[in-house]
Amino acid sequence: MKTFVLTALFMAIAGLSGCDTSSQGFSLPQGNVEQGEQVFLKYQCLRCHTMPGYEAEAEKLSGALQTPLQLGGQVSRIRTYPELVTSVMNPSHRLAQGYDGADVQVDGQSVMPNFNDVMTVTELVNLVYFLEEHYEIEPYPRTEYVSPH
Ligand code: HEC
């Protein structure tokens with residue numbers, strides 16, 4: 001069931017990243033930055049990535065890549081919200097180009113683990129919300145969600 005929900009989300013987002021960005025759009029609900037940070041640490045994203053401000057946390061983990069990939073900031077190729085969400089949910093969707101480390105892709109698939117079967121939707125929402133703070137992505141229309149409270 002969880003996989004189904006994520007697949008549906010992914011298809012909605014993949015559709016949005018096509019040419020027609022003038023259509024209604026879709027975004028995840030607003031998350032919580034602190035909880036998103038916890039998700040980021042829980043799934044050990046820093047085994048393969050660096051992020052400004054998280055150097056100490058990264059040092060505690062044994063790195064899985066010879067040259068970790070920086071997340072966030074302007075070095076990134078991520079410019080839009082769909083690109084950001086897609087890169088978390090389907091890392092092989094767009095593989096890093098011109099990256100020297102041979103340990104990044106194996107048989108055309110990203111070595112980045114697919115978290116879709118382990119991460120809850122709430123974790124994904126918070127993680128993406130946290131990551132957004134670190135990227136400079138183009139403004140986009142947020143989907144309105146009715147608060148359950
Ligand atoms: C085992 C290594 C590994 C782990 C662990 C990992 N990633 Fe990645 N990630 C990669 C690689 C490699 C790429 C580049 C895509 C490619 O070419 O395969 C990538 C790309 C990305 C990108 C796009 C980067 C950009 O700015 O262009 C994001 C965002 C990302 N990862 C987020 C995460 C998050 C969030 C986690 C933890 C939940 C995570 N990654 C865990 C290896 C990893």
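Donors are N, O and S atoms within 2.8 Å of the metal. With that in hand, let's look at the iron site of this predicted model.

**The iron site**

Two protein atoms, NE2 of H49 and SD of M112, are donors to the iron atom of the ligand, at 2.0 to 2.2 Å from it. For six octahedral donors, the ideal angles are 90 or 180 degrees.

| Residue | Relative accessible area | Class |
|---|---|---|
| H49 | 13% | buried |
| M112 | 25% | partly exposed |

**The nonpolar core**

The largest nonpolar core has 27 residues, and F40, M51, L127 and L131 touch the most other members. Helix 2, helix 4 (81–89) and helix 5 each contribute at least two residues to this core, with helix 5 giving the largest share, six residues. Leaving aside residues up to four places away in sequence, F40 is in contact with C45, L46, M51, L71, L127, F130 and L131.

**How confident is the prediction?**

The protein chain has a mean pLDDT of 83, with 77% of its residues at 70 or more. Confidence is highest in helix 2 (residues 33–42), with a mean of 98, and lowest in helix 1 (residues 2–16), with a mean of 60.

Terms used: Residues numbered from 1 in each chain as written. Predicted model: local features only at pLDDT ≥ 70, side-chain atom pairs only at ≥ 80, totals over all residues. Heavy atoms only, no water. Donors = N, O, S within 2.8 Å, 3.2 Å for Na, K, Ca; no water. Buried < 20%, exposed > 50% of the residue type's maximum accessible area, 1.4 Å probe, protein only. pLDDT = per-residue confidence, 0-100. Helix = DSSP H or I, 4+ residues; strand = E, 2+ residues; numbered from the N terminus. Core = buried A, V, L, I, M, F, W, Y, C linked by side-chain atoms within 4.5 Å. Contact = heavy atoms within 4.5 Å.
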